[in-house]
Number of protein chains: 2
Amino acid sequence: MDSQAKLNNYLNENFDRIVSMLQEWLTIPSISTLPEHAGDVQRAAQWAVERLSAIGFPEARIVSTAGHPLVYAEWQVDSQQPTLLIYGHYDVQPVDPVHEWSSPPFQPTLRDGYIYGRGASDDKGQIMLVLAALEAWAETNTTQPVNVKILLEGEEEAGGAAVGDYVLNHPETLRADAVLICDTHMVNAGQPSLITSLRGILYTEIAVSGAKTDLHSGSYGGVAPNPLHALCLLISRLKSEDGSIHIPQLASAIPAASLTEKQFWQEDPLHIQKELLVEMGVNKMVGETSYPPLERIGLRPTLEVHGIRGGFSGEGAKTVIPARAVAKVSLRLPANLDPNEVFGWLLQAVQSNMPAGYQFHLSNLHAGKGISVNPDNPYIRAAAEAVEVIFGTLPVFMREGGSIPIAALFDEVLQVPIVLLGFGLPGDRVHAPNENFSLDQFRKGMKTVADFLGRIRHSKP
Amino acid sequence: MDSQAKLNNYLNENFDRIVSMLQEWLTIPSISTLPEHAGDVQRAAQWAVERLSAIGFPEARIVSTAGHPLVYAEWQVDSQQPTLLIYGHYDVQPVDPVHEWSSPPFQPTLRDGYIYGRGASDDKGQIMLVLAALEAWAETNTTQPVNVKILLEGEEEAGGAAVGDYVLNHPETLRADAVLICDTHMVNAGQPSLITSLRGILYTEIAVSGAKTDLHSGSYGGVAPNPLHALCLLISRLKSEDGSIHIPQLASAIPAASLTEKQFWQEDPLHIQKELLVEMGVNKMVGETSYPPLERIGLRPTLEVHGIRGGFSGEGAKTVIPARAVAKVSLRLPANLDPNEVFGWLLQAVQSNMPAGYQFHLSNLHAGKGISVNPDNPYIRAAAEAVEVIFGTLPVFMREGGSIPIAALFDEVLQVPIVLLGFGLPGDRVHAPNENFSLDQFRKGMKTVADFLGRIRHSKP
């Protein structure tokens with residue numbers, strides 16, 4: 001039996017146990033953005049350390065930070081071999097609206113070939129398939145085929161600074177020949193893909209104040225400032241119904257795409273638009289009709305309002321004009337733009353468009369640059385080959401609309417190829433109720449990563 | 001000692017005890033719009049029944065309804081005397097944002113001549129001063145000067161149907177020669193006023209749906225419908241920055257004001273605008289600049305958004321595009337308009353202005369007509385005389401921006417004069433944190449009502 005067959009054999013025979021371990025990890029509600037879950041985030045990190053030690057990593061430890069902890073592990077096997085740095089995040093998104101989940105978000109459940117639970121796909125499930133591949137190498141070969149470093153963070157969903165600080169302050173610890181990130185999704189189950197770009201993100205909060213206290217809408221309605229109305233006016237001015245964003249500097253800063261890419265977006269040979277409509281459950285897309293939908297997700301900037309707080313929005317009726325209201329607004333940005341510079345542009349746009357009679361404060365909650373990868377290197381070629389062997393289909397190279405700010409930092413600090421090899425599917429409902437991960441993708445993902453690890457032996461430049 | 005002196009004497013001597021009783025009532029959190037407080041609403045009703053019995057009302061009882069209970073009491077003294085029906089509400093508004101209260105909303109506190117607590121002014125405090133006046137008559141004269149009927153409801157702040165149903169189904173029980181409502185405020189402490197009109201109210205909820213599930217703003221941003229954005233666009237189209245409301249039928253339905261009133265609004269001899277600015281803590285008013293501020297509060301319609309629910313608006317960051325969002329929107333309306341007819345107009349306006357790609361549902365949470373009173377009758381004249389005697393100043397006749405829907409129903413069913421004699425002040429912060437009531441107003445209010453009761457003897461037509 002050759003090495004690949006042994007690995008696949010091991011992974012098939014141990015599949016149920018590996019899924020059980022994932023279920024165990026998924027029961028820990030490591031919601032990084034909610035302070036009351038800080039203990040759970042810590043527990044999820046500890047769980048990962050124990051798993052890495054069990055696999056055989058000589059070094060596996062918690063790295064304390066000002067925020068949630070990092071997990072760092074290292075297995076040096078041969079200085080002649082390349083070193084792969086693997087990144088993932090063990091924290092998860094909040095779960096509201098919780099009543100829309102078919103099974104409780106932290107009671108992971110197997111149904112019809114899928115595992116349901118918060119973090120199943122984003123990102124515990126994808127870390128788990130990497131851990132399974134590493135375990136398979138350790139058990140069938142007593143070692144790893146290359147030097148492996150692992151860095152897991154617990155603040156990805158909260159835009160925390162800990163991992164960024166660590167990367168900036170410990171470049172030597174993290175020195176590697178390539179970075180592997182399994183936190184993205186494929187086009188669909190039949191069409192694997194590798195990601196060549198990620199959008200950047202700027203997440204802000206706009207607080208608007210009017211009167212010094214909440215007011216009665218009868219006694220003051222007609223003369224009182226209403227910060228909720230001001231936010232509606234402002235947001236409608238920042239983004240029109242047709243999806244166009246009114247931040248003047250932004251329009252001229254969008255990079256041009258290649259003709260090949262434009263053609264791909266226009267022709268949509270993989271029928272991605274049709275799948276998007278099914279996933280969203282709508283007949284018609286909303287957004288900039290002058291650009292193809294794939295370009296709108298892959299390259300164009302977006303501005304979204306995620307929530308508005310203030311006044312009274314519970315059951316029943318309260319006739320209040322609130323003194324203050326807050327909107328959460330984020331932008332996705334092409335990889336060439338610096339989100340912190342865009343923050344300045346947004347600030348100007350908010351200043352210009354804020355109705356008269358209000359004070360406002362714009363906060364930069366977090367900002368992460370996008371990334372654009374040149375696929376012409378041995379690590380990405382090895383990933384494409386591993387995908388072809390396991391999935392039976394050559395992967396396509398895609399732009400991804402989401403953001404992994406740390407990828408941009410790895411790019412900047414380590415200056416090595418970044419392999420964005422994710423096994424999620426578009427229907428995984430990440431960040432939404434009923435998040436799930438296909439068990440078939442999970443199985444193929446383990447095998448692909450195991451195969452990839454073998455393929456990059458002797459790739460050291 | 002004449003009757004008036006005896007009454008005033010009694011009220012002065014018993015003032016502290018009466019304030020203590022109010023404090024006791026204010027500790028009961030009778031928030032009618034929150035289901036978890038249903039038991040408290042019931043307790044507050046029971047408290048009122050016990051107080052009325054203690055004063056000497058031969059009949060004082062709870063009236064069960066499909067919603068919160070009513071309190072009914074009656075004291076028939078002489079069929080040759082007129083009958084006064086007194087209305088008030090013992091329920092209160094919610095208290096959020098609770099951290100903005102200087103003392104807990106249900107631990108009523110005396111500070112610097114004011115009593116602070118939810119309901120201090122709206123409306124337990126104002127009912128309490130009426131009860132004190134009735135007690136003074138009972139204690140100093142062993143009876144009441146006129147026949148008195150009392151109807152207190154527990155759903156005023158929730159727009160409940162119970163009191164309306166009761167009025168429609170029991171017109172004979174409630175038959176009276178005049179109605180007294182103490183649930184309004186004066187121009188200021190030095191300028192008493194009587195109310196000649198109240199605006200109507202229409203309180204609605206607009207629910208907007210986009211995709212079938214919450215979506216990740218990275219993977220779907222650019223093509224996904226965002227119901228929060230749709231609500232911002234819609235609300236900005238329903239009401240412009242200049243305060244104009246875009247419901248076409250509404251513009252032509254606003255009644256004309258008299259020349260005297262227009263002049264009063266324009267000249268603002270009582271400097272009400274200046275006081276409004278101080279109360280709101282702003283330099284400039286927001287709203288329709290082509291109308292004087294007093295007309296905007298007194299007669300013009302308003303449209304206010306009270307809250308927007310959907311997505312994620314807590315601490316931290318969540319990059320969600322919600323599947324659904326809900327806005328609470330109310331209109332204040334001139335007395336001539338039927339709010340249920342206006343609901344149809346609003347529905348058309350929402351239909352015309354809703355962005356493409358969304359489903360919506362508009363709900364009529366509650367609707368109450370306004371009222372316009374002709375002040376030329378013996379009961380309102382008696383109220384004006386009582387005010388002049390106790391406050392030392394003739395009251396002005398004012399339009400009030402708030403709504404007391406039951407007043408319109410009394411007008412329609414009983415067809416008798418409605419005396420809107422309130423002792424609140426504009427700074428009472430009703431519906432807001434730190435609601436309070438001036439103890440001086442409370443004292444003068446008791447005496448004014450006691451004097452008024454004596455004055456309407458022999459007024460029976």
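Where is the place of D268(A)? D268(A) sits in the loop between α10 (259–267) and α11 (272–280) of chain A. Keep in mind that this is a predicted model. Phi of D268(A) is near 45°, a positive value, and the residue is not a glycine.

D112(B), not a glycine either, has a positive phi of about 50°. D112(B) belongs to the loop between β4 and β5 of chain B. With 8 C-beta neighbours inside 10 Å, D112(B) counts as exposed, since the cut-off for that is 12 or fewer.

While we are on the backbone, there are cis peptide bonds to mention. The bond from D96(B) to P97(B) is cis, with omega near 0°, and P97(B) lies in the loop between β3 (83–89) and β4 (109–111) of chain B. The bond from D122(B) to D123(B) is also cis, with omega near 5°. D123(B) is in the loop between β5 (114–116) and α4 (124–141) of chain B. For background, most residues other than glycine have a negative phi, and most peptide bonds are trans.

Now helix α11 of chain B, residues 272–280. Its buried residues are I272(B), L276(B), E279(B) and M280(B). They lie on the same side of α11(B), because they cover an arc of only 90° around the axis. On the other side, K274(B) and V278(B) are exposed. What covers the buried residues? The cover includes β10 (215–216) and α7 (217–220) of chain A, together with α12 (293–298) of chain B. Just after the helix, G281(B) takes a positive phi of about 70°.

That brings us to the contact between the chains. It takes 79 residues from chain A and 78 residues from chain B. On the chain A side, strand β11 (residues 302–309) gives the most, with seven residues. That side divides into 34 nonpolar, 30 polar and 15 charged residues.

Next, a helix pair within chain A. The axes of α5 (residues 162–169) and α15 (residues 405–414) come within 10 Å and cross at roughly 5°, so α5(A) and α15(A) are roughly parallel to each other. V163(A), G164(A), V167(A) and L168(A) meet I406(A), L409(A), F410(A) and V413(A).

Last, a strand pair. In chain B, β1 (residues 59–63) and β2 (residues 70–75) run antiparallel, joined by five bridges. I62(B) has V71(B) as its bridge partner, and a hairpin of six residues connects β1(B) to β2(B).

Conventions:
Residues numbered from 1 in each chain as written. Chains lettered and ligands numbered in written order. Predicted model: local features only at pLDDT ≥ 70, side-chain atom pairs only at ≥ 80, totals over all residues. Contact = placed C-beta atoms within 7 Å. Helix = DSSP H or I, 4+ residues; strand = E, 2+ residues; numbered from the N terminus. Nonpolar A, V, L, I, M, F, W, Y, C, P; charged D, E, K, R; others polar. Pairing = 2+ DSSP bridges. Buried ≥ 20, exposed ≤ 12 C-beta atoms within 10 Å, placed from the backbone. Arc of directions from axis to C-beta. Axes fitted to C-alpha atoms, helices over the stretch in contact; angles between N-to-C directions. Parallel < 35°, antiparallel > 145°, perpendicular 65-115°, else oblique.
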